[in-house]
Amino acid sequence: MSDAVIDYAGVFAALPGMVALLTPDLIYVDANEDFMRMSGRTREQLVGRYLFDVFPDNPGDPAASGVRNLAASLRRVVETGERDAMALQRYDVESVERPGEWAERYWSPVNAPVLGPDGRVVLLVHRVEEVTELMRARGGSSGSGSRVLEAELYTRARELQEVNERLRKAHAREREVALALQEAMLPAPAPIGRHRAAVRYRPAVGALNVCGDWYDLVVLPGGDRVGVAVGDVVGHGLVAAGVMGQLRSALSAASRVVRGPAQALDVLDLYARSVEGAENCTAVETWIDWEGRSVAYSSAGHPPPALLHADGRVEFLDRATDPPLGARLSHAARPQAEAAFTEGATLVLYTDGLVERRGEDIDAGLRRLAETLERHRDADPETLADALLLDMLPLGGATDDTALIVVGL
(Lines give C-alpha, C1' and ligand atoms only; values in the text may rest on other atoms or scores of the structure.)
Protein backbone atom coordinates (compact mmCIF):
# COMPACT_ATOMS: atom_id res chain seq x y z
CA MET A 1 0.00 0.00 0.00
CA SER A 2 2.91 2.37 0.71
CA ASP A 3 3.99 2.10 -2.98
CA ALA A 4 0.50 2.72 -4.37
CA VAL A 5 -0.11 5.86 -6.42
CA ILE A 6 -2.90 7.88 -4.83
CA ASP A 7 -5.34 9.64 -7.15
CA TYR A 8 -5.63 12.87 -5.19
CA ALA A 9 -7.96 14.39 -7.78
CA GLY A 10 -10.30 11.46 -7.25
CA VAL A 11 -10.00 11.77 -3.49
CA PHE A 12 -10.85 15.49 -3.68
CA ALA A 13 -13.87 14.86 -5.88
CA ALA A 14 -15.20 12.24 -3.44
CA LEU A 15 -14.71 14.29 -0.28
CA PRO A 16 -17.90 14.46 1.79
CA GLY A 17 -19.29 17.96 2.17
CA MET A 18 -18.94 21.01 -0.05
CA VAL A 19 -15.29 21.86 -0.81
CA ALA A 20 -13.89 24.19 -3.46
CA LEU A 21 -10.40 25.45 -4.30
CA LEU A 22 -9.80 29.13 -5.05
CA THR A 23 -6.79 31.17 -6.09
CA PRO A 24 -5.82 34.12 -3.85
CA ASP A 25 -7.64 36.23 -6.45
CA LEU A 26 -10.80 34.22 -5.71
CA ILE A 27 -10.94 32.34 -9.01
CA TYR A 28 -12.38 28.81 -8.85
CA VAL A 29 -9.73 26.17 -9.54
CA ASP A 30 -11.80 23.11 -8.65
CA ALA A 31 -14.86 21.96 -6.74
CA ASN A 32 -15.86 18.53 -5.47
CA GLU A 33 -19.02 16.65 -6.39
CA ASP A 34 -20.94 17.73 -3.29
CA PHE A 35 -20.12 21.40 -3.92
CA MET A 36 -21.45 21.27 -7.47
CA ARG A 37 -24.53 19.27 -6.52
CA MET A 38 -25.58 21.40 -3.54
CA SER A 39 -24.76 24.75 -5.12
CA GLY A 40 -26.55 23.85 -8.34
CA ARG A 41 -23.53 24.68 -10.51
CA THR A 42 -21.59 22.57 -12.99
CA ARG A 43 -17.79 22.45 -13.22
CA GLU A 44 -17.93 24.61 -16.36
CA GLN A 45 -19.96 27.21 -14.47
CA LEU A 46 -17.35 27.32 -11.70
CA VAL A 47 -13.78 26.62 -12.78
CA GLY A 48 -11.96 29.69 -14.10
CA ARG A 49 -14.62 32.12 -12.93
CA TYR A 50 -14.52 34.77 -10.19
CA LEU A 51 -16.27 33.63 -7.00
CA PHE A 52 -18.62 36.59 -6.70
CA ASP A 53 -19.53 36.53 -10.39
CA VAL A 54 -20.86 33.03 -9.78
CA PHE A 55 -22.43 33.84 -6.42
CA PRO A 56 -23.28 37.56 -6.14
CA ASP A 57 -25.46 39.07 -3.44
CA ASN A 58 -29.21 39.01 -3.90
CA PRO A 59 -29.99 42.42 -5.47
CA GLY A 60 -33.50 42.26 -4.06
CA ASP A 61 -32.22 42.14 -0.47
CA PRO A 62 -30.78 45.52 0.61
CA ALA A 63 -29.46 43.91 3.80
CA ALA A 64 -27.50 41.19 1.97
CA SER A 65 -23.98 40.90 3.38
CA GLY A 66 -22.80 37.49 2.15
CA VAL A 67 -20.31 38.83 -0.39
CA ARG A 68 -18.84 41.36 2.03
CA ASN A 69 -18.43 38.83 4.87
CA LEU A 70 -17.03 36.01 2.74
CA ALA A 71 -14.61 38.34 0.95
CA ALA A 72 -13.34 39.63 4.30
CA SER A 73 -12.78 36.08 5.56
CA LEU A 74 -10.91 34.98 2.45
CA ARG A 75 -8.81 38.14 2.54
CA ARG A 76 -7.83 37.37 6.16
CA VAL A 77 -6.69 33.89 5.14
CA VAL A 78 -4.56 35.28 2.31
CA GLU A 79 -3.01 37.95 4.54
CA THR A 80 -2.38 35.83 7.65
CA GLY A 81 -1.96 32.33 6.25
CA GLU A 82 -4.29 31.08 8.96
CA ARG A 83 -7.60 29.22 8.93
CA ASP A 84 -10.76 31.31 9.39
CA ALA A 85 -14.11 29.90 10.56
CA MET A 86 -17.00 32.21 9.76
CA ALA A 87 -20.20 32.76 11.68
CA LEU A 88 -23.43 31.47 10.19
CA GLN A 89 -24.21 33.34 6.95
CA ARG A 90 -27.43 34.00 5.07
CA TYR A 91 -26.28 33.94 1.45
CA ASP A 92 -29.08 33.64 -1.14
CA VAL A 93 -28.35 31.77 -4.38
CA GLU A 94 -29.80 32.55 -7.82
CA SER A 95 -31.48 29.70 -9.69
CA VAL A 96 -29.64 28.63 -12.85
CA GLU A 97 -32.83 27.40 -14.50
CA ARG A 98 -34.82 30.52 -13.54
CA PRO A 99 -32.57 33.59 -13.66
CA GLY A 100 -33.76 36.35 -11.37
CA GLU A 101 -35.24 33.87 -8.89
CA TRP A 102 -33.34 33.70 -5.61
CA ALA A 103 -33.50 30.99 -2.93
CA GLU A 104 -32.96 31.85 0.71
CA ARG A 105 -29.95 29.78 1.86
CA TYR A 106 -27.91 29.55 5.08
CA TRP A 107 -24.27 28.43 5.17
CA SER A 108 -21.51 27.69 7.67
CA PRO A 109 -18.20 28.41 5.85
CA VAL A 110 -14.62 27.62 6.85
CA ASN A 111 -11.68 28.91 4.81
CA ALA A 112 -8.14 27.57 5.05
CA PRO A 113 -4.82 28.28 3.28
CA VAL A 114 -2.63 26.02 1.16
CA LEU A 115 0.95 27.26 1.47
CA GLY A 116 3.64 27.05 -1.18
CA PRO A 117 7.34 26.25 -0.58
CA ASP A 118 8.03 29.90 0.22
CA GLY A 119 5.29 30.00 2.87
CA ARG A 120 2.93 32.13 0.81
CA VAL A 121 -0.72 31.27 0.26
CA VAL A 122 -1.10 29.68 -3.17
CA LEU A 123 -4.62 28.27 -2.83
CA LEU A 124 -7.66 28.70 -0.61
CA VAL A 125 -9.73 25.76 0.59
CA HIS A 126 -13.33 26.95 0.82
CA ARG A 127 -15.43 24.42 2.74
CA VAL A 128 -19.11 25.08 3.28
CA GLU A 129 -21.84 23.29 5.18
CA GLU A 130 -25.38 24.19 4.28
CA VAL A 131 -27.75 24.56 7.25
CA THR A 132 -30.78 25.88 5.37
CA GLU A 133 -32.92 22.85 6.22
CA LEU A 134 -32.06 23.20 9.89
CA MET A 135 -33.26 26.80 9.81
CA ARG A 136 -36.48 25.88 8.01
CA ALA A 137 -37.18 22.95 10.32
CA ARG A 138 -37.35 25.31 13.28
CA GLY A 139 -40.01 27.47 11.56
CA GLY A 140 -40.54 31.19 11.92
CA SER A 141 -39.44 34.10 9.79
CA SER A 142 -35.98 34.50 8.31
CA GLY A 143 -35.19 37.08 10.95
CA SER A 144 -36.06 34.89 13.89
CA GLY A 145 -33.49 35.45 16.61
CA SER A 146 -34.04 32.02 18.14
CA ARG A 147 -33.44 30.25 14.81
CA VAL A 148 -30.26 32.19 14.17
CA LEU A 149 -29.04 31.47 17.71
CA GLU A 150 -29.76 27.76 17.35
CA ALA A 151 -27.94 27.59 14.03
CA GLU A 152 -25.02 29.51 15.53
CA LEU A 153 -24.85 27.00 18.37
CA TYR A 154 -24.89 24.17 15.86
CA THR A 155 -22.04 25.77 13.92
CA ARG A 156 -19.95 26.38 17.03
CA ALA A 157 -20.55 22.82 18.24
CA ARG A 158 -19.30 21.45 14.92
CA GLU A 159 -16.20 23.66 15.09
CA LEU A 160 -15.57 22.52 18.65
CA GLN A 161 -15.78 18.92 17.49
CA GLU A 162 -13.14 19.64 14.86
CA VAL A 163 -10.87 21.31 17.42
CA ASN A 164 -11.29 18.34 19.77
CA GLU A 165 -10.35 15.98 16.96
CA ARG A 166 -7.16 17.93 16.29
CA LEU A 167 -6.36 17.93 20.00
CA ARG A 168 -6.99 14.19 20.16
CA LYS A 169 -4.55 13.57 17.34
CA ALA A 170 -1.95 15.84 18.96
CA HIS A 171 -2.47 14.10 22.29
CA ALA A 172 -2.06 10.68 20.67
CA ARG A 173 1.19 11.78 19.06
CA GLU A 174 2.49 13.21 22.34
CA ARG A 175 1.55 9.99 24.12
CA GLU A 176 3.46 7.97 21.51
CA VAL A 177 6.54 10.11 22.06
CA ALA A 178 6.06 9.93 25.83
CA LEU A 179 5.93 6.15 25.87
CA ALA A 180 9.10 5.89 23.78
CA LEU A 181 10.81 8.36 26.10
CA GLN A 182 9.70 6.48 29.20
CA GLU A 183 10.93 3.17 27.80
CA ALA A 184 14.32 4.73 27.07
CA MET A 185 14.62 6.40 30.48
CA LEU A 186 13.08 3.71 32.68
CA PRO A 187 14.16 0.38 31.20
CA ALA A 188 13.67 -2.88 33.01
CA PRO A 189 16.40 -3.09 35.69
CA ALA A 190 19.38 -5.34 35.03
CA PRO A 191 19.73 -8.49 37.14
CA ILE A 192 21.37 -7.91 40.50
CA GLY A 193 23.10 -11.24 40.86
CA ARG A 194 21.23 -13.85 42.85
CA HIS A 195 19.02 -11.22 44.49
CA ARG A 196 15.42 -10.63 43.47
CA ALA A 197 13.86 -7.26 42.73
CA ALA A 198 10.58 -6.07 41.24
CA VAL A 199 9.74 -2.63 39.84
CA ARG A 200 6.37 -1.12 39.01
CA TYR A 201 5.24 2.18 37.52
CA ARG A 202 1.66 3.46 37.45
CA PRO A 203 0.74 6.82 35.88
CA ALA A 204 -1.84 9.10 37.39
CA VAL A 205 -5.37 8.96 36.01
CA GLY A 206 -5.46 10.96 32.78
CA ALA A 207 -1.67 11.19 32.48
CA LEU A 208 0.29 10.45 29.32
CA ASN A 209 1.80 7.30 30.84
CA VAL A 210 4.96 9.26 31.45
CA CYS A 211 5.89 11.42 34.39
CA GLY A 212 8.72 12.57 36.62
CA ASP A 213 8.75 9.53 38.92
CA TRP A 214 11.79 7.30 38.47
CA TYR A 215 13.72 4.39 39.93
CA ASP A 216 17.24 3.03 39.59
CA LEU A 217 19.24 -0.06 40.58
CA VAL A 218 23.02 0.03 40.40
CA VAL A 219 25.49 -2.78 41.13
CA LEU A 220 28.13 -1.06 43.26
CA PRO A 221 31.85 -1.81 43.06
CA GLY A 222 33.46 -3.83 45.86
CA GLY A 223 31.56 -6.69 47.49
CA ASP A 224 27.95 -7.78 47.25
CA ARG A 225 26.38 -4.32 47.19
CA VAL A 226 23.58 -2.65 45.25
CA GLY A 227 22.37 0.94 45.13
CA VAL A 228 18.61 1.38 44.94
CA ALA A 229 16.95 4.77 44.46
CA VAL A 230 13.63 6.38 43.64
CA GLY A 231 12.83 10.00 42.91
CA ASP A 232 10.01 12.35 42.02
CA VAL A 233 10.12 15.37 39.71
CA VAL A 234 7.32 17.91 40.06
CA GLY A 235 4.82 17.78 37.20
CA HIS A 236 3.87 15.38 34.39
CA GLY A 237 4.46 14.99 30.70
CA LEU A 238 7.49 15.34 28.49
CA VAL A 239 9.12 18.24 30.35
CA ALA A 240 9.03 16.42 33.69
CA ALA A 241 10.26 13.24 31.99
CA GLY A 242 13.22 15.12 30.54
CA VAL A 243 14.22 16.42 33.97
CA MET A 244 13.70 12.96 35.43
CA GLY A 245 16.05 11.42 32.88
CA GLN A 246 18.80 13.89 33.69
CA LEU A 247 18.53 13.39 37.46
CA ARG A 248 18.32 9.61 37.22
CA SER A 249 21.42 9.43 35.02
CA ALA A 250 23.36 11.81 37.25
CA LEU A 251 22.56 9.87 40.44
CA SER A 252 23.31 6.54 38.77
CA ALA A 253 26.74 7.78 37.70
CA ALA A 254 27.49 9.41 41.06
CA SER A 255 26.61 6.22 42.96
CA ARG A 256 29.44 4.38 41.24
CA VAL A 257 32.20 6.72 42.41
CA VAL A 258 31.22 8.09 45.85
CA ARG A 259 31.53 6.48 49.29
CA GLY A 260 27.88 6.39 50.33
CA PRO A 261 24.29 7.38 49.55
CA ALA A 262 24.60 10.77 51.30
CA GLN A 263 27.51 11.74 49.05
CA ALA A 264 25.56 10.55 46.01
CA LEU A 265 22.72 12.92 46.94
CA ASP A 266 25.24 15.70 47.59
CA VAL A 267 26.42 15.38 44.00
CA LEU A 268 22.84 15.21 42.72
CA ASP A 269 21.91 18.32 44.72
CA LEU A 270 24.72 20.31 43.09
CA TYR A 271 23.74 19.02 39.66
CA ALA A 272 20.04 19.78 40.19
CA ARG A 273 20.86 23.45 40.74
CA SER A 274 21.92 23.67 37.09
CA VAL A 275 18.87 21.87 35.65
CA GLU A 276 15.78 23.96 35.01
CA GLY A 277 12.74 22.29 36.58
CA ALA A 278 14.77 20.19 39.04
CA GLU A 279 14.23 22.47 42.02
CA ASN A 280 12.37 20.87 44.92
CA CYS A 281 12.50 17.41 43.39
CA THR A 282 12.78 14.61 45.92
CA ALA A 283 14.88 11.43 45.94
CA VAL A 284 16.02 8.71 48.31
CA GLU A 285 19.15 6.61 47.84
CA THR A 286 19.80 3.32 49.63
CA TRP A 287 22.89 1.08 49.54
CA ILE A 288 22.27 -2.55 50.36
CA ASP A 289 25.27 -4.48 51.70
CA TRP A 290 24.43 -8.18 51.79
CA GLU A 291 27.77 -9.12 53.35
CA GLY A 292 27.36 -6.63 56.18
CA ARG A 293 23.58 -7.19 56.42
CA SER A 294 22.87 -3.46 56.45
CA VAL A 295 21.09 -0.75 54.47
CA ALA A 296 22.70 2.70 54.37
CA TYR A 297 20.36 5.46 53.26
CA SER A 298 19.85 9.18 52.76
CA SER A 299 16.74 11.08 51.72
CA ALA A 300 16.20 14.42 50.00
CA GLY A 301 12.67 15.22 51.14
CA HIS A 302 11.31 11.85 49.97
CA PRO A 303 8.89 9.51 51.79
CA PRO A 304 10.89 7.00 53.88
CA PRO A 305 11.74 3.55 52.51
CA ALA A 306 10.07 0.67 54.35
CA LEU A 307 12.15 -2.22 55.68
CA LEU A 308 9.98 -5.29 56.19
CA HIS A 309 11.85 -7.52 58.60
CA ALA A 310 11.65 -11.29 58.44
CA ASP A 311 9.48 -11.37 61.59
CA GLY A 312 6.86 -9.09 59.97
CA ARG A 313 7.92 -5.89 61.71
CA VAL A 314 8.00 -2.78 59.50
CA GLU A 315 10.69 -0.15 60.03
CA PHE A 316 10.54 3.15 58.18
CA LEU A 317 14.01 4.47 57.34
CA ASP A 318 13.47 8.09 58.38
CA ARG A 319 16.58 9.00 60.39
CA ALA A 320 18.45 10.70 57.54
CA THR A 321 16.04 13.09 55.87
CA ASP A 322 16.96 16.50 54.48
CA PRO A 323 15.19 19.10 52.28
CA PRO A 324 14.47 18.37 48.59
CA LEU A 325 17.09 18.93 45.90
CA GLY A 326 18.16 22.52 45.40
CA ALA A 327 15.84 23.76 48.16
CA ARG A 328 18.53 25.19 50.43
CA LEU A 329 20.15 28.56 49.86
CA SER A 330 23.64 27.11 50.38
CA HIS A 331 25.00 23.63 49.85
CA ALA A 332 25.64 21.41 52.88
CA ALA A 333 26.49 17.75 53.36
CA ARG A 334 23.46 15.50 53.66
CA PRO A 335 22.89 13.07 56.57
CA GLN A 336 23.21 9.31 56.33
CA ALA A 337 21.97 6.47 58.54
CA GLU A 338 22.03 2.67 58.58
CA ALA A 339 19.60 -0.12 59.44
CA ALA A 340 20.42 -3.77 59.99
CA PHE A 341 18.47 -6.68 58.49
CA THR A 342 18.44 -10.45 58.54
CA GLU A 343 17.91 -12.88 55.70
CA GLY A 344 14.31 -12.91 54.53
CA ALA A 345 13.75 -9.17 54.95
CA THR A 346 12.40 -6.95 52.16
CA LEU A 347 13.20 -3.35 51.25
CA VAL A 348 10.46 -1.23 49.63
CA LEU A 349 11.08 2.15 47.99
CA TYR A 350 8.21 4.14 46.46
CA THR A 351 7.05 7.58 45.41
CA ASP A 352 4.34 9.58 47.16
CA GLY A 353 1.56 8.42 44.82
CA LEU A 354 1.52 5.14 46.75
CA VAL A 355 0.81 6.66 50.17
CA GLU A 356 -0.57 10.19 49.77
CA ARG A 357 -4.27 11.05 49.42
CA ARG A 358 -5.90 14.46 49.19
CA GLY A 359 -7.18 15.69 52.52
CA GLU A 360 -5.33 12.95 54.41
CA ASP A 361 -2.18 13.15 56.50
CA ILE A 362 0.71 11.16 55.06
CA ASP A 363 1.00 9.26 58.36
CA ALA A 364 -2.30 7.56 57.50
CA GLY A 365 -0.82 6.40 54.21
CA LEU A 366 2.31 5.11 55.96
CA ARG A 367 0.17 3.16 58.42
CA ARG A 368 -1.75 1.67 55.52
CA LEU A 369 1.54 0.70 53.86
CA ALA A 370 2.84 -0.96 57.05
CA GLU A 371 -0.37 -2.95 57.45
CA THR A 372 -0.23 -4.12 53.85
CA LEU A 373 3.39 -5.18 54.18
CA GLU A 374 2.63 -7.13 57.36
CA ARG A 375 -0.24 -8.96 55.62
CA HIS A 376 1.99 -9.99 52.72
CA ARG A 377 5.24 -10.55 54.62
CA ASP A 378 5.77 -14.02 53.10
CA ALA A 379 5.33 -12.88 49.48
CA ASP A 380 8.19 -12.76 46.97
CA PRO A 381 9.10 -9.33 45.48
CA GLU A 382 6.97 -9.71 42.33
CA THR A 383 3.89 -10.84 44.24
CA LEU A 384 4.40 -8.20 46.92
CA ALA A 385 4.74 -5.41 44.33
CA ASP A 386 1.41 -6.37 42.75
CA ALA A 387 -0.26 -6.66 46.16
CA LEU A 388 0.95 -3.21 47.19
CA LEU A 389 -0.49 -1.57 44.07
CA LEU A 390 -3.76 -3.45 44.43
CA ASP A 391 -4.20 -2.66 48.13
CA MET A 392 -2.78 0.86 48.23
CA LEU A 393 -4.03 2.58 45.07
CA PRO A 394 -7.67 3.72 44.69
CA LEU A 395 -9.89 1.56 42.48
CA GLY A 396 -10.39 4.34 39.96
CA GLY A 397 -6.68 5.10 39.74
CA ALA A 398 -4.45 7.47 41.68
CA THR A 399 -4.29 11.22 41.09
CA ASP A 400 -0.49 11.10 41.30
CA ASP A 401 2.06 8.87 39.63
CA THR A 402 3.58 5.93 41.47
CA ALA A 403 6.97 4.27 41.11
CA LEU A 404 7.66 1.25 43.28
CA ILE A 405 10.66 -1.03 43.79
CA VAL A 406 10.75 -4.09 46.01
CA VAL A 407 14.04 -5.86 46.80
CA GLY A 408 14.28 -9.20 48.58
CA LEU A 409 17.06 -9.20 51.20
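1. Leaving aside neighbours within four places in sequence, E315 is in contact with P305, A306, L307, H309 and A339, where contact means heavy atoms within 4.5 Å. The model is a predicted one, in which local features need pLDDT of at least 70 and side-chain atom pairs count only at pLDDT 80 or more, whereas totals for chains, interfaces and linings use all residues. Residues are numbered from 1 along each chain as its sequence is written, and side-chain values use heavy atoms, with hydrogens and water left out.

2. E315 belongs to strand β15, residues 314-316; helices (H or I, at least four residues) and strands (E, at least two) are DSSP runs numbered from the N terminus. The C-alpha atoms of E315 and P305 are separated by 8.4 Å, the two residues being 10 residues apart along the chain. Between the side chains of E315 and H309 there is a polar contact of 2.9 Å, a term that denotes a pair of N or O atoms within 3.5 Å, of which, within protein, one must be able to donate a hydrogen and the other to accept it, with residues adjacent in sequence counting only if both atoms are side-chain atoms.

3. Is E315 buried or partly exposed? E315 is partly exposed, because its relative accessible area is 21%, and the classes are buried under 20%, exposed over 50% and partly exposed in between (1.4 Å probe, protein chains only).

4. D84, placed in strand β3 (residues 84-85), is buried, because its relative accessible area is 15%. Its side chain makes a polar contact of 2.6 Å with the side chain of S73 and another, of 3.1 Å, with that of R76. Not counting residues up to four places away in sequence, D84 touches S73, R76, V77, P109, V110 and N111.

5. Strand β19, residues 402-408, is mostly covered, with 7 of its 7 residues buried. In a regular strand the side chains alternate between the two faces of the sheet. In β19, T402, L404, V406 and G408 point one way while A403, I405 and V407 point the other way, and all are buried.

6. Which strands pair with β19? Strand β9 (residues 197-202) does so in the antiparallel sense over 6 bridges, and strand β18 (residues 346-350) pairs with β19 in the antiparallel sense over 5 bridges; pairing requires that DSSP finds at least two bridges between two strands. Within β19, A403 is the bridge partner of Y201, and L404 is the bridge partner of Y350.
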